[in-house]
Amino acid sequence: MRSVSATKQLVNQLFLAVLLLCGMAANAQENSPYSRYGWGNLVPSTPIATRGMGGIGAGYVDFDPRYNFKNVYPRSQTVNFLNPASYSRLKITSFDLGFEVENQVLREQNNPEKYKASYVNFSYLQLGIPISRKHNFAMVMGLRPISRVNYKILSNRLEDNPGTGNPIDSSLTTYEGTGGSYQAYAGLGKAFGKFSIGANVGYFFGTKDFSTRKELVNDSIIYNKLNNQTKISFGGFFLNGGAQYAADLGNSLRLVLGATATLKHDYNASTDFIIQTFQYDGSGGIIGVDSVYAEENVKGKISFPASYSGGFTLEKQDKWMIGADYVTTSWDDFAIYGRGDTVASNWKVKFGAQLIPNAFGTNYWGRVTYRVGFNFGPDYIKYKNQELNQYNITAGFGFPVRPNRFSNQYTNLNLSLEYGRRGSASTQLQENVFRLALGFTLSDLWFVKRRYD
């Protein structure tokens, strides 16, 4: 059997490898022009354990019906925040932390040059606690990002005199934006026999700061520069729910059907509008010269759309799993202060599978979980009526770790690898992304009554 020290050595090597990748990415920054629209680029919305399976989640639940805390103790359990009905099967307190390293390549139509960047992002933080193991009742608390806004585009052109039409000075225009959105949530899940229901409730909030800065380029005259900037923030409570039905098919086969729903909701928002002349300071910051127009704290509403998903998993206990999801979101209903944006309703199909060669064998690599999957569908951003098709090919691994055979502490390291593309050679911009994500699931038996003193 593989020794504990050898297992720890493997964990340390994996951790150091990820730290090295993070160090390499620390000085670069994400730059996605498409994040200007809607509320930015949507981040992967499933646990890292299922990202390797194409991001399935509606019918995914991590539990072993043999758990009895006498002869069979729970292993580490993945918390599936995509469908809160899965919380009901938690038998062991689980702490989940995830982050990812992304490498991005942008290609502009009819331009051989490419933009490359690498960066690190936080994926999620959550804690799952079984309230009543006997009655299949549990809760989860967590925080996760929903979208990111990050772009900077420079445009040079020769300006014309509006009176004569003759060319005058060159100009440099900078389009820049930052922001994103997050959800802080708490959820409950309860099982009634084979049927489970659950719900997440929490605070959904975000910011979007985007500006257009223009300056005239002249060798002899220094002009003031113009900044047109909009800062939006929103926040409010959200609710989503899910259901699952687990059917025992015999011979250790289990079929789980799942569905989730998030209803359309309007959130309170506040906006600042700024138009000013400015100059740059020595560090590149903006120093306002004169205010042309300013309006602060303009109240309004931001409408986020309804979203629904359905899917299934078919599992051979401790052997294999296959699954699929279908997700649809009504992005046509998205609006900022009653105005629509360059977005459209979309859908996504996901497929995935996992295999454990020998869950209880003596060979460590036989106990590792191996995952593959893919997903595809149009992006929710629809620029100039061009549908941006996207797809992702995924693979993943689940590395089990246990301090010693008599310990109630469990750790699972989930690693996923994803290659994705948005757009094509016929669209104005094509994005290719390679993403490496690492999740730590730390589990322990809390609040278990001792059988011996």
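This is a predicted model: local features need pLDDT of at least 70, side-chain atom pairs count only at pLDDT 80 or more; totals for chains, interfaces and linings use all residues.
Step back for a moment. The protein chain has 453 residues, and 49% of them count as buried. Its secondary structure comes to three helices and 18 strands. If you take the contacts between residues at least 6 apart in sequence, 68% of them join residues at least 24 apart.

**Strands side by side**

Back to E9. On E7's side, 11 bridges join E7 to E9, and these two run antiparallel. In this pairing, Thr 230 stands opposite Phe 273 in E9. Then there's the hairpin of E9 and E10, with five residues between the strands. In that hairpin, Gly 284 takes a positive phi near 90°.

Strand E14 (residues 346–355) pairs with E15, and Gly 352 stands opposite Gly 373 in E15. E15 also pairs with strand E16 (residues 386–401), where the bridge partner of Arg 371 is Gly 396 in E16. E15 and E16 form a hairpin too, this one with two residues between the strands. Look at the turn and you'll find Lys 384, with a positive phi of about 50°.

Here are the pairings together:

| Strand pair | Sense | Bridges |
|---|---|---|
| E7 and E9 | antiparallel | 11 bridges |
| E14 and E15 | antiparallel | seven bridges |
| E15 and E16 | antiparallel | 12 bridges |

**What's packed inside**

In soluble globular proteins, nonpolar side chains tend to be buried together. In this model, the largest nonpolar core has 32 residues. The ones with the most contacts inside it are Trp 39, Phe 204, Phe 234, Ile 302, Phe 304 and Phe 334. Several strands each supply at least two residues of this core, including E7 (225–250), E9 (265–280), E10 (286–304) and E15 (369–383). E4 (137–160) and E18 (429–444) are also on that list.

So what does Ile 302 touch, leaving aside its neighbours within four places in sequence? Its contacts include Trp 39, Phe 234 and Phe 334, along with Ile 232, Tyr 267 and Ala 269. Two others among them are His 265 and Asp 266.

Apart from this core lies another, of nine residues, among them Phe 99, Tyr 364, Leu 415 and Leu 436.

**Empty space**

Now for the gaps. Rolling a probe the size of a water molecule over the atoms shows where empty space is left. The second largest pocket has a volume of about 670 Å³. It is lined by 20 residues, and Pro 33, Glu 108, Ile 153, Gln 428 and Leu 429 lie nearest its centre. E2 (93–108), E3 (114–132) and E4 are the elements that give two or more residues to this lining. E4's share, four residues, is the largest. By class, the lining has 10 nonpolar, four polar and six charged residues.

The structure also holds three cavities of 30 Å³ or more. The second largest cavity has a volume of about 50 Å³. Among the residues lining this cavity are Val 61, Asp 62, Gln 77, Tyr 87, Arg 89 and Leu 90. By class, the cavity lining has four nonpolar, four polar and two charged residues.

Definitions and conventions:
Residues are numbered from 1 along each chain as its sequence is written. Side-chain values use heavy atoms; hydrogens and water are left out. A nonpolar core is a set of buried Ala, Val, Leu, Ile, Met, Phe, Trp, Tyr and Cys residues joined through side-chain atoms within 4.5 Å. Buried means under 20% relative accessible area, exposed over 50%, partly exposed in between (1.4 Å probe, protein chains only). Contact means heavy atoms within 4.5 Å. Two strands pair if DSSP finds at least two bridges between them. On a 1 Å grid over the protein atoms alone, a cavity is a set of points where a 1.4 Å probe fits but cannot get out, and a pocket is an open set with protein on both sides within 12 Å along at least five of seven lines; lining residues have an atom within 4 Å of a point. Grid points are joined across faces, edges and corners, and a volume is the space filled by probe spheres set on the points. Ala, Val, Leu, Ile, Met, Phe, Trp, Tyr, Cys and Pro count as nonpolar, Asp, Glu, Lys and Arg as charged, and the others, Gly among them, as polar.
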